[in-house]
Structure formats: C-alpha cells, structure tokens
Amino acid sequence: MSIELIQRGYRLFAPLYDLVFGASLAPGRRAALAALDCRPGERILEVCVGTGLSLQLYPAGVRVTGIDISRDMLRKAEGRVAARRLAHVEALLEMDAQHMTFPDGSFDKAALMFALSGLPDPVRAVNEIRRVCRPGGTIVIAQHFRTRNAWLRLCEGFLAPIYRLLRYRGDMDLERFLAAAQIEVLEQRRVNLFGYATLLVCRNQAPRAAAEHRYVAAPQSARSAARAAGGVTDRVG
Ligand SMILES: C[S@@+](CC[C@H](N)C(=O)[O-])C[C@H]1O[C@@H](n2cnc3c(N)ncnc32)[C@H](O)[C@@H]1O
C-alpha cells in the first residue's frame with residue numbers, strides 16, 4: 001500500500017467524501033469525541049483528520065491539531081474551519097501518521113477515526129500516536145473491523161469498490177490488531193448504524209521501545225483457523 005496511491009484515491013474521492021461518509025459516520029465521531037472527554041486548555045491531536053467533519057464537535061477552550069496525508073482532504077478541512085470560524089483549531093498539517101514530526105508528549109489526547117485500516121502500517125501509526133501523546137493520556141480509535149454478522153458483511157460488500165479506491169482494508173481483524181499494538185483498552189463498544197464500527201477508548205501507557213510487532217492480515221485460507229485460535233501476533237525483525 002503506497003502513500004501515493006492513497007493520496008490519488010482521496011484526490012478522486014474528496015469531492016464525494018462528505019456525502020458518503022458525513023452523516024453515515026457521524027454517530028461514531030460524536031461517540032469518540034464524548035469518550036475523549038476534552039477539558040479546557042488541553043492539546044488534542046486528530047490523526048487522519050480528513051475533511052474535518054469532526055472539528056466542529058470539539059468544545060471551545062481546547063487546542064486541536066489535525067494531520068492528514070491528503071492535501072485534497074485537508075483543503076476541505078481548511079474551508080470548513082474558515083467557514084465555521086473554528087478558533088480552537090490551531091493547525092492542519094500535511095503529515096504521515098506513521099512518521100510524525102511532533103516532539104514526544106506534545107499532546108494530552110488523540111483521536112483516530114475511520115482511518116486505521118487504510119494505513120499501510122497501522123501499528124506503527126499507533127506507536128507514533130503514543131509517542132506524541134503524554135503518558136496517561138486518552139487515545140480513541142473508531143474503526144470498522146471484520147465482522148461475521150451477515151447483514152454487516154453485506155454493507156462491506158456494498159462499500160468494497162470505495163474501499164479499493166481508497167486502499168482501505170474492509171476486513172481488518174480486531175484481535176490481531178490489539179495483539180500487535182499492545183495498547184491498553186479501557187472500553188470497547190459498537191458505534192454507528194447497525195454497530196458497523198467499534199470504538200476503542202485507550203490509555204496511553206508509559207513510553208515504550210519502537211514497534212516490535214506489525215499488523216499482518218491472516219491469509220484468506222488461514223483465517224478461520226486463526227479465528228478459532230483467537231488471533232495471532234505477527235512479530236517482525
Ligand atoms: C476514511 S478517511 C477518515 C477521515 C476522518 N477521520 C473522518 O472521520 O471522516 C481516512 C483519512 O486518512 C488519511 N490518511 C491515509 N493514510 C494516511 C497517512 N499515512 N497519514 C495521514 N493520513 C492518512 C486519508 O487521506 C483520509 O483523509
């Protein structure tokens with residue numbers, strides 16, 4: 001999955017993004033922001049901020065920085081910030097979530113919504129989020145993970161062409177991700193229509209060494225075995 005292909009996908013899809021994923025993902029964004037429980041004066045990082053659909057949900061008094069790899073998506077976010085005069089948005093920056101340029105502990109809290117499975121190395125991105133957040137801070141992740149529910153699989157099938165364009169994995173496995181990321185999850189619940197997505201409310205543990213694990217999808221044929229075994233951790237290096 002190359003960054004250039006992801007950027008090209010979002011360049012094509014940016015004009016339609018809000019129409020397709022605006023209202024449909026809004027309950028998950030609201031739940032994630034409520035779980036973040038922002039307090040006045042806090043510095044918040046929103047990773048993969050996209051067109052900035054969540055930016056108006058932050059309370060006044062916080063300072064929000066958004067990053068995204070797609071200039072086309074960021075341009076829409078900038079328009080939204082200007083049109084709604086969102087003074088709490090400090091910066092919108094073009095940056096790769098897997099290689100952030102912020103110093104350690106720059107933020108109190110962070111949110112990553114509906115973007116994890118589109119990242120070439122999601123565990124690396126989560127490690128970066130942990131690095132730039134202070135220890136003990138809250139990190140919320142909202143994401144659709146693979147489901148066995150027949151109705152939700154129908155939704156996956158319907159969205160498959162868009163997922164392909166955006167280089168988005170529609171079948172990311174939650175257990176494999178958690179085993180690889182080793183992040184402390186305080187709360188996990190279903191959000192969005194039909195519970196299509198999962199909200200993970202996490203606490204940032206003390207800083208740790210660079211990633212030892214990465215998320216690797218199970219080969220198609222091995223998936224049922226892996227599921228039966230409760231997920232597998234893939235160690236690299
Ligand atoms: C499905 S959109 C989600 C946008 C927003 N969080 C929302 O709730 O609508 C995924 C976003 O992740 C961004 N993205 C993909 N790969 C990235 C990377 N490596 N670093 C930063 N942003 C990335 C895309 O450009 C896109 O804006």
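Guide: Let us begin with residue classes: Ala, Val, Leu, Ile, Met, Phe, Trp, Tyr, Cys and Pro count as nonpolar, Asp, Glu, Lys and Arg as charged, and the others, Gly among them, as polar. By these classes, the shell around the ligand has 16 nonpolar, five polar and three charged residues. This is a predicted model, in which local features need pLDDT of at least 70 and side-chain atom pairs count only at pLDDT 80 or more, while totals for chains, interfaces and linings use all residues. Residues are numbered from 1 along each chain as its sequence is written.

Visitor: Which residues surrounding the ligand are the closest?

Guide: A residue is near a molecule if its C-beta atom, placed from the backbone, lies within 6 Å of it. The ligand is surrounded by 24 residues, and the closest are Cys48, Gly50, Ile69, Ser70 and Ala97. Two elements give two or more residues to this shell, helix H1 (3–21) and strand S2 (63–68). H1 gives the most, with four residues. Helices (H or I, at least four residues) and strands (E, at least two) are DSSP runs, numbered from the N terminus.

Visitor: Why is Gly28 called buried?

Guide: A residue is buried if 20 or more other C-beta atoms lie within 10 Å of its own, exposed if 12 or fewer, and partly exposed in between, with C-beta atoms placed from the backbone. Gly28 has 24 other C-beta atoms within 10 Å, and is therefore buried. Gly28 lies in helix H2 (residues 26–36).

Visitor: What makes S2 largely enclosed by the rest of the structure?

Guide: Five of the six residues of S2 are buried, so S2 is largely enclosed.

Visitor: With which strands does S2 pair, and over how many bridges?

Guide: Two strands pair if DSSP finds at least two bridges between them. Strand S1 (residues 43–47) and S2 have five bridges and run parallel; Glu46 has Gly66 of S2 as its bridge partner. S2 is also joined to strand S3 (residues 89–94) by five bridges, again in the parallel sense. Here Asp68 stands opposite Glu94 in S3.

Visitor: What is found in the largest nonpolar core?

Guide: A nonpolar core is a set of buried Ala, Val, Leu, Ile, Met, Phe, Trp, Tyr and Cys residues joined through C-beta atoms within 7 Å. The largest has 57 residues, and those with the most contacts inside it include Ala32 and Leu199.
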